[in-house]
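Open the model in your viewer and keep the selection panel at hand. The stops below say what to select next and what is there.

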Amino acid sequence: MAVAIRQPGWYRGAIGTIIGAAFGFGLVVALRAISGLDVFQTEQTGYPHVIVPLITAPFGFLIGFGAFDYWFRWAAGKPTVPEDHSGHGATKWQDYFKFNTDHKVIGTQYVVTTLFFFLIGGLLALLMRAELAQPGSQIVAANTFNGLFSTHAVVMIFLFIIPVFAGLANYVLPLMIGAPDMAFPRLNALSFWLLPIAGIIFLSSFLAPGGSFDAGWTGYAPLSTGAPLGQSFFNIGVQFAGASSIATALNFLVTIITMRAPGMNLWRMPLLVWANLSTSLLVVGATPFIAGAQFMVFFDRILGMNFFNFLQGGDVISYQHIFWFYSHPAVYIMMLPGFGIISEIISTHARKPVFGYRLMALALIGIVVLSYSVWAHHMFVAGMFSWLRVPIMITTMLIAVPTGIKVFSWLGTLFYGKIHTYSTAMLFSLAFIVTFTIGGISGVMLGMIPIDIHVSDTYFVVAHIHFVLFGGSVFTIFAGIYHWFPKMTGRMYDERLGRVHFWGTVIGTWGTFIPMHWVGMDGMPRRVADYASQYGDWNLVISIFAFILGAVQLVFLYNMIVSWRFGPKAGNNPWRANSIEWQVTSPPPVFNFDEIPRVVGGPYEYGTPGARHAIMGGEELEVPEPKPTTVTAPS
Amino acid sequence: MESASIAAHGHVDDHHHGPPEAHQSARIDRTILGILLFILSEVMLFGAFFAAYFFLRVVADPASWPPEGIELPVLIAGINTCVLVSSSFTIHYALEAIKHGNHRGLKLGLTTTWLLGATFLFIQINEYIHIGFTPRDGAFGSIFFSLTGLHGAHVFVGLLLLTFANIRAYRGHFGPEQKDHLGVEVPGIYWHFVDIMWIIVFLAVYII
C-alpha cells in the first residue's frame, strides 16, 4: 500500500485529486480572508469555493497520476532517467488504465473513452426525442430540456467527434508514416488524460445548483454570463478539452513533419496523413479562440468583468465573432479527418488509386485556408456589420468547391473500380458520400443570406448539422473503426452484425433527420421543449426513427466488444491494403517496427502489378502472397 | 552530460529492445518545431483578446478611450518595455555563449535574463496596485487587465522555464551541440515571443 501510494497511478492520483481540491479551497478561503471578505459567501453568486477546486483538482490528479513525473525531474535539474519503456505498450488490460506513452495504447484509450461519451450523448438525445415525440410537456421540464440539448452537443463535439478522430489517427498515423511513435509521447498521454477530466466536468454540471449549463453549446453572451453555476463548468471543461486537442494537434504536426520514413515525401503520404496535417493546422490556429471566448465569459461571470455587459461599455456581438472564429473551423476539424478515412477505405475497396490524389491533398489545404474566412455566416441574423454579410456568403459558397473536388474524386475513384462491399467499412463510406453530399447542399442553402434568414434557428439548421455531423463525421468514424478494428485488435468483427448496424444506422439517420428539414422549413423552432401541435405527426416519426438509430448502436457495441474478445484472427492485412500499417502484424509490435520501412512509391498503387508503397525492414526474406516481390523504382 | 531535450529520443540500452530511431525527415529539430507551433497557438489566444480589444474600442465606439479620468502610466510602462526588450538580448547572448562552449557566459546571460524578467513582473504588479482602476471598472478595465494580465502570465511561465534552465546551467548541464543546449534554446524562443508580444500589447494598449 505504501509503495502503491508513492508509485504513479490511481492511488496517488486519488490523493492528488483530494490535495488539489483542498489546495484550491484553501486558496479561496485564504485570499478572501486576506482581502477582508467573508470567508464563505453568504449569498451565492460566483461560487469560488466550487470553481477554484474544480480547476486545481484535475491538476492534482494529473500530478498524482504521474503525468508530470518526468518533467518535474527535468525541471529540478536531476539527471533524467534513461527511457526504460516501462510506461510503454500494453500486455494486459490494466495497462490501458495507466499513464501509457504508447501511441497505440493511447489511440485505443481515446476510441473507447469517446465511444463511452458517444453513448452518453446519444442517451441525452433520446431523452430529448422522448420529450419531443408529442407536443406539450411530458418527461422533462423546459429548463432541463435546455440543459439536455446543450450537454448533448458539447459531449458529442468535444468528447466524441473531435477526440475520436484524434484517437484513430493516434493509432494508425505513426504506423502509416513509418514512425516508431509520436514525436512527444508523454504530451500525447497527457492530452488523452485531459479528455476524461473535461468529460467529468461537463457531466458533473448536472449536479450543480441551477442545473447543467443550458445556454446551448454556443454559450452566447449575455445568456451565458447571467446563467447559473453550471455554465462555469462549461467554461472550465472547454479549456481542458481545448488544451487536449491543441496538444494532440501539435504532436501530429511535429510527427508528420519530422518523422516520416525515408522516401515518404509529401506526395507519397496517405490522404489520412494529409487530412490530419490540415486538421491539426486548424486546431492549433483556431482552438485558442474558443479558449479566449470562454475565458472572457468566465471573467465576466466570476470576476465581475464587463466584456459583454452593454451597460459598462461591453460588446455583445464580439462574443459571437470570437466564438465562431473557432467554431466554424471546428466543423472542418470534425470533418477533414473523416475525409482522410474515406479516401483510404474507398481506394482500398475499389482497388484503384485515389482519383486526383494531389488535388485531394490540395483541396484539404484549400478548405483549411477558406474555413478561416466564413465564420460570420453563423451570424447573419445576429445584428453584426451588414457589410460583412455578402463577402461571407461568397466565401461560404466558395468552400463548396474544394469539398466538391473531394466528392467527385471519390466518385472518380469508384468509377470502373472493382468495388468490394464485403466490408462494413466500405458500406459506411459509400453511404457517407450520399448523406454528406445532401448535408453539404443544405449547407450551401444555409450560406445564402435570404434562406438563412428564413430558416434561422429552426429545425432546418438541426437537420443540416446532423446530416453533416452524423451522416458525415459519425459515418466516417464507424467506417474507420470497422476498417482498422482488425489492425487494432488482431481480430475480425462480425460482418453480419456490421450489416445490421449499417442498415439500421442509415435508415435511422435518414428517417430522423430528413423530416427535420421539412418541419424546419415550416418554421418549427429549435432548442425549445414544446412546439405547435401541427408538427406533432412528423415529430413522432422523427422520434421513432431516432430510437431505431439509438437501438442499432447497441448492435455495434455488442459486435465490437464480443469480436474483440472472441472474434476470429484477422491476419495482418485482411483488406489487402498497401499502406504501411497493414504490413506489420495485427496488433502491431510494441515499437511498431524493428527497422524503419523504406517508402518507394505512392500509397494507392492498386491495380498496378508489382507496384509497392513501402519495403519493410527484413522483408526480403518473406514472400508476400498476393503480390509479386519485384520492386519498382520510384517514379 | 545530459541531453536537455524533453522529447523522448530513444535511449537504447543493451538490456532492452527499444524502438528504432525515427527517420529525421525535416531539418528542424522536433522540440523546436513543437515550441514554434505552441507559440502559434499562443499568438492566436492573444489574437482572441486583441479582437475583443478592438471590438470594445472601435466597434462599441465609447465616448472616450481610455474613459475619462483614467491616465495610463505610459512612462513606467515604457521603461518596463526597455527592461523586457533588453532581456531578449541577454538570452540571445546566453545561447551564443553556450554554442561556443562558454559556460560562464551562459550562466551570466541566463541569470541576467531571469532578473530582468522578474523586474518586469515586479514593476507590472506595482503598476496594477497603483493604477487607480480595477478589472470591474467598465469594459476598459476588463480588457486592460485581461491583455496585460495574459501577457504577465506568459512572463511568469517564461520565468519558470528560465528557472529550470538556470538550475541546469549552474549544474553544468549544457553543451555546444544543438541537442545539448535545447534546454536553453527552447525557453529562449519562448522568451523572444513573450518579448515581441509585449511590444504589440504595449503599442495597442498604451500608445495608440
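**Confidence and conventions**

Two residues are in contact if their C-beta atoms, placed from the backbone, lie within 7 Å.

This is a predicted model, in which local features need pLDDT of at least 70, side-chain atom pairs count only at pLDDT 80 or more, and totals for chains, interfaces and linings use all residues. Residues are numbered from 1 along each chain as its sequence is written, while chains are lettered from A and ligands numbered from 1 in the order in which they are written.

**Chain B**

Select chain B next. It has 5 helices and 0 strands, in the order α-α-α-α-α from the N terminus. Helices (H or I, at least four residues) and strands (E, at least two) are DSSP runs, numbered from the N terminus. The C-alpha trace of chain B spans about 70 × 35 × 25 Å along its principal axes. Of its 208 residues, 40% count as buried; that is, 20 or more other C-beta atoms lie within 10 Å of the residue's own, with C-beta atoms placed from the backbone. Among contacts in chain B with a separation of 6 or more, 78% come from residues 24 or more positions apart.

**The interface**

Show both chains. Here 46 residues of chain B are in contact with 56 residues of chain A. On the chain B side, α1 (30-59) and α4 (138-170) each supply at least two residues, and α1(B) gives the most, with 16 residues. That side divides into 28 nonpolar, 12 polar and 6 charged residues. Ala, Val, Leu, Ile, Met, Phe, Trp, Tyr, Cys and Pro count as nonpolar, Asp, Glu, Lys and Arg as charged, and the others, Gly among them, as polar.

Centre on B:A52: leaving out residues up to four places away in sequence, it touches A:M296, A:F307, A:S318, A:I322 and B:I143.

Select α10(A), residues 316-333. Its end C-alpha atoms are 26 Å apart, in agreement with the 26 Å that its 18 residues should span at 1.5 Å a residue; the expected span is 1.5 Å times one less than the number of residues. A kink of about 35 degrees is centred on A:W324, the bend being the angle between axes fitted to the seven residues ending at a residue and the seven starting there. In α10(A), 16 of the 18 residues are buried.

Move to α3(A), residues 48-65, where a kink of about 25 degrees lies at A:L54, shortly before the proline A:P58. Of the 18 residues of α3(A), 14 are buried. Just after this helix, A:G66 takes a positive phi of about 105 degrees.

**Last stop**

Where does A:I392 lie? A:I392 is in helix α13 (residues 389-398) of chain A. A:I392 counts as buried because 22 other C-beta atoms lie within 10 Å.

Definitions and conventions. A residue is buried if 20 or more other C-beta atoms lie within 10 Å of its own, exposed if 12 or fewer, and partly exposed in between; C-beta atoms are placed from the backbone.
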